[in-house]
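Reader: Please take me through this model by question and answer. Keep it brisk.

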Amino acid sequence: MCTVLLRFDPAATFPVLLAAVRDEYLARPWEPPAEHWPGFWGGRDSTAGGTWLAVDPAAPAVTALLNGFPPLPPLGDRPTRGALPLTPLPQDLSGFDAFHLVRATPAEVTVLSWNGTDLTTHTLPPGDHVIVNQGVDVNDFAPLHAAATPPLDPDTPTREAWGDWVPLLAGGTFTGVAPRTLLVRHEVDGLEYGSGSASLVALGRDTVRYDFATTPGPSATWTRIPVPPSR
């Protein structure tokens, strides 16, 4: 389970507004967002060294990774999907588990989806979009469509800068193909699995704002990540 909520408006001051929730085994170690890789900012998975969301302030661009649901490939060593937001997509994906890779710039938003056999590319039109493990816009999340465009003053705290977008990540329920709550927590094979972090990323034509919370929900503590200005 992972979720990306995205608003794409090429004419806006910030053409891309992206909200993302990462769901993972809560005991899996990770490091908070920083420039862990030259030119890329994001949280780092301590186990495999990759990430679930990478911000490239020089582009500017943001890339988010979601797991897919089809059956896994045969057992054995498989490449980590966490490298995909940081590198060009490999020509041979045959060893990878299923995934959706959201790539956004102020000019274009695409979703690359691999189901273990075929790779498809969705170019998203302007508007509000929901990407979940089952695919693109198979679910609806009513709070996204009701959220106002935030002021995004670069000198204000997260809740003031993002306005109605902060409550988007406080909870709520999806409708559609995969009805469920936005924030999850349950036990899988004796291990606790749940929503461990959330991100808010705004792309302007020459600027990026990146905010992060380690405890998604109504009482989340948000921190602005100090990414450099676009070059």
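Reader: What is the relative accessible area of Tyr25?

Author: This is a predicted model, where local features need pLDDT of at least 70, side-chain atom pairs count only at pLDDT 80 or more, and totals for chains, interfaces and linings use all residues. Residues are numbered from 1 along each chain as its sequence is written, and side-chain values use heavy atoms, without hydrogens or water. Buried means under 20% relative accessible area, exposed over 50%, and partly exposed in between (1.4 Å probe, protein chains only). Tyr25 is partly exposed, at 30%.

Reader: Which residue forms an aromatic pair with Tyr25?

Author: The whole structure holds six aromatic pairs. Rings of Phe, Tyr and Trp (its six-membered ring) pair if their centres lie within 6.5 Å; planes under 30 degrees apart are stacked, over 60 edge-to-face, and the rest tilted. Tyr25 takes part in an edge-to-face pair, 5.3 Å centre to centre with 80 degrees between the planes. The partner is Tyr193.

Reader: Is Tyr193 buried or exposed?

Author: The relative accessible area of Tyr193 is 11%.

Reader: Why is the pair of Trp30 and Phe212 edge-to-face?

Author: The ring centres of Trp30 and Phe212 are 5.8 Å apart. Edge-to-face needs planes over 60 degrees apart. The pair is edge-to-face because its planes are at 70 degrees.

Reader: Which strand holds Phe212?

Author: This pair too links distant parts of the chain, 182 residues apart. Trp30 is partly exposed at 28% relative accessibility, whereas Phe212 is buried at 4%. Trp30 belongs to strand β3 (residues 30-37). Phe212 belongs to strand β16 (residues 208-213).

Reader: Which residue has its charged end over the ring of Trp52?

Author: Trp52 forms one aromatic cluster with Trp30 and Phe212. A charge sits over a ring if NZ of Lys or CZ of Arg is within 6 Å of the ring centre and within 35 degrees of the ring normal. Here the distance to the ring centre is 3.8 Å. The residue is Arg22.

Reader: What is the bridge partner of Ala34 in β4?

Author: Two strands pair if DSSP finds at least two bridges between them. β3 and strand β4 (residues 40-45) pair antiparallel over four bridges. They form a hairpin with two residues between them, and Gly39 in the turn has a positive phi of about 85 degrees. The partner of Ala34 is Gly42.

Reader: What is the volume of the second largest pocket?

Author: On a 1 Å grid over the protein atoms alone, a pocket is an open set of points where a 1.4 Å probe fits, with protein on both sides within 12 Å along at least five of seven lines; lining residues have an atom within 4 Å of a point. Grid points are joined across faces, edges and corners, and a volume is the space filled by probe spheres set on the points. For the second largest pocket this gives about 150 Å³.

Reader: Which element gives the most to the lining of the second largest pocket?

Author: The lining has 14 residues, with Phe40, Asp56, Ala61, Thr63 and Pro85 nearest the pocket's centre. Two or more residues come from each of β5 (53-56), β6 (61-67) and β7 (99-104). The top contributor, with three residues, is β6.

Reader: Which residue of β7 is the bridge partner of Thr63?

Author: Six bridges join the antiparallel strands β6 and β7. β7 is largely enclosed by the rest of the structure, because five of its six residues are buried. The partner of Thr63 is Arg103.

Reader: How many residues lie between β7 and β8 in their hairpin?

Author: β7 also runs antiparallel to strand β8 (residues 109-114), with six bridges. One of the bridge partners is Ser113, facing His100. The number of residues between the two strands is four.
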